[in-house]
Amino acid sequence: MVDLDQEDTAPTTLNMSAKKKELMSTAMKRTSEWIFSQEIPSDVTVQVAGVSFSLHKFPLVSKCGYIRKVVSESNDADVSVIVIPDVPGGAESFELAAKFCYGINFEINTENIAALRCVAEYLEMTEDYAVGSLVERTEAFLNEVALQSLAGAISVLHASENLLPIAEEVKLVGRCIDAIAYLACKESGNDIAMSSTISNSKTVVDWWAEDLAVLRIDIFQRVLIAMIARGFKPYALGPVLMLYAQKALRGLEIFGKGRKKIEPRQEHEKRVVLETIVSLLPKEKNAMSVSFLTVLLRAAIYLETTIACRLDLEKRMALQLGQAVLDDLLIPAYSFTGDTLFDVDTVQRIMMNYLEYETDGSHFGYKEEDGYISPPLSDMERVGKLMESYLAEIASDRNLPVSKFIGLTELIPEQSRITEDGMYRAIDIYLKVQSFM
């Protein structure tokens, strides 16, 4: 191939008026260079995504099955205009395909390979029409370069999201997902990917977790499922899920009362993301921090996700309630009707789950043979102290019904109370607030 920049510009180019050059579209300028380099007039105009390309039939039909069929099947023996609808990647990818037909060099990289592979398929630029076809060239780059690294495979997969369904038809999406799953396990090391030690695995995936966060949620889910299928332990995906959630839920105002400041379409998208993330959370205790689970639960309540999603998060929080701090339980009430300041019902369910878990470790699916150990008394004491602090905090809410306040106090087991001071303090605050009403 000859690089266009190294070719001599034909005399015709020099004779073109400056005014005419100025009025030409960018695409027309580029294609004009191709035309003049051939020193023969254009005999066909190809229209793609609103852009017109003045080209020559011969180089196109020699390598492009789609255009060859259009020309040969046309009732007009001298067809001069060809409109190609729905070209993958639009005018930019068609331009590269046209350059390929003209034998003009251009760079194939991880940014354009997805569009090139799809447009090559769409335009039928296969070995059936020319040896060394664009399909063959793109396949070689995918196999030998793009899919050999995590960064490359993720980049191609991200670009493929805008090229559906043809990216699925040419198996580009599936191949990228398989490559990412294989390389992630390989990069992390079999000793880590297959390990049962949670604490040692969290930092392993941090360096590529952020790269995965650019993917669409359904594609992201498929990648994680493929990684698990290859032996990657689910708990090791915690940092990936955390980074993805932080990015996807950014800008969500979930820390105060008032009108929702989010468009319905965005709310739906974030709801789908959140429900998917929760479905992917590792089941192992301590795989995710309580503070992160709290953020997810607040978002789930705010976005009005499915009840199953919210109950799942409540149970996960109950499992690690001994690690929680007061702020983790101060979940705003999102009823927008001006009643209680905090979502007391949710905290009550979390506490009930904790007590059930404390008496029956298998309640959450963690049997003794799976490593379940009954919480020590110190854990119960921490939870008792936490709930007393919570009671004291919500006691100042004059809209809090006495039934809810008493219901929470009755949930705190006596054996968790080192002294009665915290309980008396909370009751005293509540009575003083109510007396001023």
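**Helices, packing and core of a predicted model**

Me: How many helices and strands does the protein chain have?
Reply: Keep in mind that we're looking at a predicted model. The count for the protein chain comes to 3 strands and 23 helices.

Me: What percentage of the residues counts as buried?
Reply: The cut-off here is a relative accessible area under 20%. Across the 437 residues of the protein chain, the buried part is 49%.

Me: What share of the accessible surface belongs to carbon and sulfur atoms?
Reply: Start from the total for the protein chain, about 22100 Å². Carbon and sulfur atoms take 52%.

Me: Are α14 and α16 roughly parallel or antiparallel?
Reply: Helix α14 covers residues 217–229 and helix α16 covers residues 264–280. Their axes come within 10 Å and cross at roughly 10 degrees. Angles under 35 degrees count as roughly parallel, so α14 and α16 are roughly parallel.

Me: Which residues of α14 make that contact with α16?
Reply: On the α16 side you've got V272, V273, T276, I277, S279 and L280. By class, the contact has 7 nonpolar, 3 polar and no charged residues. From α14 come I217, F220, Q221 and L224.

Me: Which residues touch the most other members of the largest nonpolar core?
Reply: That core holds 135 residues. One of the top names, F220, also sits in the α14 contact with α16.

Me: Which residues is Y390 in contact with, leaving aside neighbours within four places in sequence?
Reply: With the sequence neighbours set aside, its contacts are L326, L329, L330, F342, D343, V344, V347 and L408.

How values were computed
Residues are numbered from 1 along each chain as its sequence is written. This is a predicted model: local features need pLDDT of at least 70, side-chain atom pairs count only at pLDDT 80 or more; totals for chains, interfaces and linings use all residues. Side-chain values use heavy atoms; hydrogens and water are left out. Helices (H or I, at least four residues) and strands (E, at least two) are DSSP runs, numbered from the N terminus. Buried means under 20% relative accessible area, exposed over 50%, partly exposed in between (1.4 Å probe, protein chains only). Accessible areas come from the Shrake-Rupley method with a 1.4 Å probe; for residues, only the protein chains shown count as cover. Axes are lines fitted to C-alpha atoms, for helices over the stretch in contact, and angles run from 0 to 180 degrees between N-to-C directions. Angles under 35 degrees count as roughly parallel, over 145 as roughly antiparallel, 65 to 115 as roughly perpendicular and the rest as oblique. Contact means heavy atoms within 4.5 Å. Ala, Val, Leu, Ile, Met, Phe, Trp, Tyr, Cys and Pro count as nonpolar, Asp, Glu, Lys and Arg as charged, and the others, Gly among them, as polar. A nonpolar core is a set of buried Ala, Val, Leu, Ile, Met, Phe, Trp, Tyr and Cys residues joined through side-chain atoms within 4.5 Å.
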